[in-house]
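Reader: Please go through the structural labels used for this model and say what each one rests on.

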Amino acid sequence: MGSLSTLDAPLKYPIARRDESVVDNYHGVLVSDPYRWLEDPDSEETKEYVKRQAQVTESLLCTCDTRDKLGNRLQQVFEFERYQLPFKRGDKYFYFHNKGLQPFDVLFYQDGLDSGPKVLLDLNEDNNNGTVSLGLCSVSEDAKYLAYGLRPGGSDWNTIQVMTIEDGISLPGTISWVKFSNITWTNDSKGFFYSRFPAPNGETTDVGTETKIDVNQELYYHVLGTDQSKDVLCYKDPEHPRYRFSTYVTDDGQYLLLDIGETCDSVNKLYYLNISSLQSALQSAKHGNTHLPFIKLVDDLDALYQYVANDGTMFTFQTNKNAPKCKVVRVDLSKPGSWTDIVPESKRDVLVSAQAVNRNQLITCYLSDVKHVVQIRDLQTGCLLHILPLEIGTVRINARRKDTTAFISFTSFLTYNLTYQCELASQVPVMKIFREISVPNFDRSEFKTDQVFVASKDGTKIPMFIVSKKDVILDKSNPCLLYAYGGFNSSLTPHFSVIRSVLLKHLGAVFCLANIRGGGEYGEEWHKAGTFEKKQNCFDDFIACAEFLVSNGYTQPSKLCIEGASNGGLLVGACINQRPDLFGCALAHVGVMDMLRFHKFTIGHAWTSDFGCSEVEEDFRWLIKYSPLHNVRRPWENSNGQYIQYPATMLLTADHDNRVVPLHSLKLLATMQYTLCTSLKRSPQVNPIVIRIESKAGHCCSRPIQKEIDVAADRYSFMAKMLDAVWSD
């Protein structure tokens, strides 16, 4: 499908060398991998291939009429002040703010809500063209110090630095090779815990482009003002090299909690240490004892445990133990075998978060048919006290047990951001607007949001949001953008997008968000229904939503674009293989495309909790069936006389994405171009297959505003050209 009347002639693609000698034996099945050489990002051959593909893509983008219009309009639309949700440490309030087109948000603090703001951290100054972004960020409990991580080129690596808050003085020393970690201050502000990996020996010096597997993470304690070489090794587990460690200090400062996980599954071990013994334990660790004397509370990886509160040894946790939709439980550390339900699992709604506030109250946030509901409960009994009056949308909550005030942000498809100040000192919560942010020249009254439930292949009802102009005509003429994720228990909830608002207003686009299985929208059972041998459910759900949009007149295949990122990029790659006739355009960001080798690179091994692993024969049998790289076929060869080709496809990746490394997209690109185009003298495949590679950027996050604008203008002008969408001022 698709529209190539917009191109004068099919694109001429660079010829990628095929090494037919590379063949792997998977449980008796021989699988060729002729583009294995593209797995080396540092080879001159790979660099030349990337360069030539970039030239092809740019030559196409130069013909996209809406490219400049989108870029210019986005420049205008982003020119408004934006604030993130405030949080409190000590007696100070902290928040991130952007004047409009600043590359990165600036961290401010103020001594009180009525005090004047002061700049704490501004990465827009002397930032090497915006290539260093903020990763980790943690303020000490007494608000005297800020520890923050800088990420070169947007990669997942963090280099931690520390500064004083009052006078902005940087403390000596930096901490390197930190990834997939948090920063946990002890309440005395003498230091903090963090997790790091060994330095990648023998790898490229361009941090973030390496592909070596991430294993052997270790937990350290850093004393302020000392060199990293003096940091104390607190915990490691060489028998389980894929374990990862996070720490938390309890609200009362009396306990250190150690969270141990291995994959992306929602399970963890949970150990604890009485902080009164910390200093002696650290001294012991310095002299050869490599473990702090943690006590094991939970030593199985079979459920999730998240700290909520504690009173002495009586601890409250959120868990999915025997509760796929989660619940709140309590246990006495002196009686670790006895757990009591405080807030039982809901029959219908998913407990997303539980936070202690106002000493003896609990703020719970539930997901009900993909919309957030916020409640106030009694911390001791779990009894429901109040339901906060919020519209249909998505919330974030910042609250502490010691505070009587909670900050709650609200967003929806048509509301950018409302921040509420919720006062809990009185018997009835008092909600008042703390800050309201709207997008200039966007009139929400011109648009509408509907939620439909689509029957998938097996009859399961799949929620989908549809956002459009109120006067949309269902005559199949509308350009339509369908987005989904469907993995790792992650839920996609209503949220405002400045970029999307431009598509709605100026391209007349209909935007659709499909909440397919594999996500967390209905709890762990919904998640598991899109994993392992059931991963095909994700693709079936997405295809069913696309068919619904066509059959109900919202669009037609030639005007339907699908988009997804990371696991969602895999989704797009699989669906264009399975139903190339159903889509006119496809945008696949940083997708996991080689399902037989993903576990061999950086943190890919953690994804086996959703996908399985090709080294296991049973897993291989289902992975090979949908792996995007291994299922590219010529659709016209089995089309019963119909003219079917792949939709216009843009793969998007970044050179410093060391999470889903670029080799996934590069190998799929080479395979698609060869199979569908360059291996044939006159190929029926005239829709373009191109790649956009962002430089000095990582995995879909922490990009400066200008990069966000540039990539949006490129991909959506490509979409507009392929769908024949008309720009309207």
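Predicted model: local features only at pLDDT ≥ 70, side-chain atom pairs only at ≥ 80, totals over all residues.

Author: Residues are numbered from 1 along each chain as its sequence is written, and side-chain values use heavy atoms, with hydrogens and water left out.

Reader: Why is helix 2 called oblique to helix 4?

Author: Helix 2 (residues 66–77) and helix 4 (residues 498–506) pack at about 125°, and their axes are 10 Å apart. Angles under 35 degrees count as roughly parallel, over 145 as roughly antiparallel, 65 to 115 as roughly perpendicular and the rest as oblique. The angle therefore makes helix 2 oblique to helix 4. Axes here are lines fitted to C-alpha atoms, for helices over the stretch in contact, and angles run from 0 to 180 degrees between N-to-C directions. Helices (H or I, at least four residues) and strands (E, at least two) are DSSP runs numbered from the N terminus.

Reader: Which residues make the contact between helix 2 and helix 4?

Author: Helix 2 contributes Leu70, Arg73, Leu74 and Val77, and helix 4 contributes Val498, Ile499, Val502, Leu503, Lys505 and His506. Contact means heavy atoms within 4.5 Å. The residues of this contact divide into 7 nonpolar, 1 polar and 2 charged. In that division Ala, Val, Leu, Ile, Met, Phe, Trp, Tyr, Cys and Pro count as nonpolar, Asp, Glu, Lys and Arg as charged, and the others, Gly among them, as polar.

Reader: What makes strand 32 and strand 39 the edges of their sheet?

Author: The sheet is open, with 8 strands in the order 32-33-35-34-36-37-38-39 and mixed pairing. Strand 32 (447–455) and strand 39 (689–694) each have a single partner strand, so one side of each is left without a neighbour in the sheet. From one strand to the next the twist averages 20°.

Reader: How do you know that strand 38 and strand 39 pair?

Author: Two strands pair if DSSP finds at least two bridges between them. Strand 38 (residues 648–654) and strand 39 have 6 bridges, in the parallel sense.

Reader: In which sense do strand 28 and strand 29 pair, parallel or antiparallel?

Author: Strand 28 (residues 394–398) and strand 29 (residues 405–411) pair in the antiparallel sense over 5 bridges. Thr394 stands opposite Thr411 in strand 29. The two strands form a hairpin with 6 residues between them.

Reader: Why does Leu30 count as exposed?

Author: Buried means under 20% relative accessible area, exposed over 50%, and partly exposed in between (1.4 Å probe, protein chains only). Leu30 has 61% relative accessibility and therefore counts as exposed. Leu30 lies in strand 2 (residues 29–32) and touches Val23, Asp24 and Asn25, leaving aside residues up to four places away in sequence.

Reader: What are the exposure labels of Asn322 and Lys476?

Author: Asn322, at 68%, counts as exposed, while Lys476, at 36%, is partly exposed. Asn322 lies in the loop between strand 21 (314–319) and strand 22 (327–332), and Lys476 in the loop between strand 33 (461–469) and strand 34 (480–483). Neither is a glycine, yet phi is positive, about 55° for Asn322 and about 70° for Lys476.
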